[in-house]
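Visitor: I would like to learn how to read strand pairing and core packing in a model such as this one. Could you take me through it step by step?

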Amino acid sequence: MEPVCFLDAVMTGLAPDGGLLLPEKLPNIGNKLEAWRDLSYQELAFEVMRLFTTDMPEADLKHLIEKSYSTFRDEAVTPVVPVGDLHILELWHGPTLAFKDVALQFLGNLFEYILEKRGGELNILGATSGDTGSAAIYGVHGKENIKIFIMHPEGRTSPIQEKQMTSVLDENVFNLAVDGTFDDCQHLMKSIFADVAFKHEHSLGSVNSVNWARVLAQTVYYFYSFFRVQERTGANRVQFSVPTGNFGDIMAGYLAAQMGLPIKKLILATNENNILSRFFATGEYSMGSVVPTLSPSMDIQVASNFERYLYFRTGKDTEKLSELMAGFSENGALTMAGSDDLFAAGEGNTPETLATIKKYADEFGYILDPHTAVGIAVAERFKTLETPTICLATAHPAKFTDAIEQAIGATAHHPELDKLNNAETRCDSIANDETAIRDYLVSKRRKTNTFDPSS
Ligand SMILES: *Cc1c(COP(=O)(O)O)cnc(C)c1O
């Protein structure tokens with residue numbers, strides 16, 4: 001297919017043939033590391049992203065980055081904290097206390113910017129079991145010409161996560177509590193998106209993890225944390241442990257490595273939903289059924305970003321890749337010969353997750369959220385003395401306080417989440433019915449548009 005420019009890639013999400021987008025070629029930044037080491041997070045984000053955002057004025061990119069990371073509660077944006085012999089990269093200082101804010105704060109501002117330049121509107125439709133929905137809502141709330149409709153399964157999202165979403169009262173935010181399961185919500189979303197005419201007529205868009213801008217925004221903290229740990233230890237190479245679901249976060253690390261960041265190993269950690277750790281052990285990528293765990297944001301069987309990695313594994317052979325993906329959607333399985341030395345992989349199960357939370361609380365007084373604990377449980381197996389290990393911490397523990405209570409018999413708190421207890425909320429209950437969702441979307445979209453003099 002014809003190449004698309006960065007801003008179009010952001011608006012499209014998927015390529016016209018249904019495939020995922022990647023840069024035609026990756027820049028080599030090996031000779032830039034020296035110059036980048038003392039940059040702030042925002043300065044570094046600018047240097048990394050400008051290599052890819054070639055159809056955007058640099059001053060605009062700089063402004064978007066400043067704006068996106070001004071909502072983070074830590075000056076360093078993603079600070080790196082030494083705990084025992086590991087280095088914990090805290091990615092949860094954004095508005096919703098989960099790592100998805102790093103990408104979605106930026107993506108929300110980028111959408112707004114593109115609509116300002118090109119005109120038009122965007123109606124985001126999404127389905128969530130928790131984290132993605134609130135990070136997406138916080139990415140676009142209050143923005144002009146954008147509306148967001150997030151479906152969640154009524155009564156099946158954790159109370160904190162539900163409150164985080166429904167307490168955002170901006171007029172452009174619509175929370176829909178669907179009388180069904182998360183799978184029902186996803187099914188409704190996919191079915192509506194499959195109707196291309198409807199999608200165009202109502203300018204529907206999505207914020208799911210395959211958007212190239214999300215992966216790009218996530219590469220930055222691999223560089224940033226490398227420099228912090230280099231300062232601390234003098235090491236010239238590091239390894240990363242990444243708790244993984246959709247392969248989005250770890251894909252960003254893979255790209256950083258391809259661009260020349262000296263990464264010895266990417267340690268991929270899954271919970272019992274282990275399709276990815278099995279792949280790296282056996283070469284077989286085959287779907288099982290999803291089991292609920294303490295780390296719900298990783299309860300995934302099909303990793304939506306994995307195709308991007310397979311592109312590199314097939315030697316950038318797009319025909320071979322199409323074949324593999326077609327085979328996978330037909331049979332729920334694909335096999336790949338050979339191996340990739342950059343990866344180490346493992347599964348951290350529920351007892352190990354709980355034991356790891358307890359161990360870090362007892363030994364270091366540091367409370368891990370259950371997703372981070374999965375990553376650390378697996379990192380413990382692969383850590384070495386000579387190469388520092390950076391562990392990605394993907395959520396604040398107070399978001400998953402049930403797991404913390406099970407592990408250590410005490411609750412975890414964060415003042416922002418405590419505030420939600422008395423917050424006013426807004427949410428509409430809706431039937432598990434595609435027509436009902438479509439009607440809702442169309443009516444809400446029109447309603448506020450009549451006040452828009454430009455339409
Ligand atoms: C989304 C999420 C993950 C998994 O990230 P992927 O990019 O899907 O691999 C891990 N932890 C938390 C807290 C998340 O929200």
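This is a predicted model: local features need pLDDT of at least 70, side-chain atom pairs count only at pLDDT 80 or more; totals for chains, interfaces and linings use all residues.

Visitor: Are the residues of strand S2 buried or exposed?

Guide: A residue counts as buried when its relative accessible area is under 20%. In strand S2, which spans residues 86-90, five of the five residues are buried. Both faces are covered, with Leu 86, Ile 88 and Glu 90 on one side and His 87 and Leu 89 on the other.

Visitor: Which strands pair with S2, and in what direction do they run?

Guide: Pairing is read from the bridges between two strands. Strand S1 (residues 80-83) is joined to S2 by four bridges and runs antiparallel to S2, with Val 81 standing opposite Ile 88. Strand S12 (residues 389-393) is likewise joined to S2 by four bridges, but here the strands run parallel, and Leu 89 stands opposite Leu 392.

Visitor: What should I look for in the hairpin of S1 and S2?

Guide: Look at the two residues between the strands, where Gly 84 takes a positive phi near 60°.

Visitor: Which residues touch the most other members of the largest nonpolar core?

Guide: In this core of 96 residues, they are Phe 223 and Phe 247, while helix H10 (residues 212-233) contributes the largest share, 13 residues. Beyond its neighbours within four places in sequence, Phe 247 contacts several residues, including Leu 268, Phe 280, Asn 305 and Phe 343. A second, separate core of 23 residues includes Ile 88, together with Leu 354, Leu 368 and Leu 420.

Key. Residues are numbered from 1 along each chain as its sequence is written. Side-chain values use heavy atoms; hydrogens and water are left out. Buried means under 20% relative accessible area, exposed over 50%, partly exposed in between (1.4 Å probe, protein chains only). A nonpolar core is a set of buried Ala, Val, Leu, Ile, Met, Phe, Trp, Tyr and Cys residues joined through side-chain atoms within 4.5 Å. Contact means heavy atoms within 4.5 Å.
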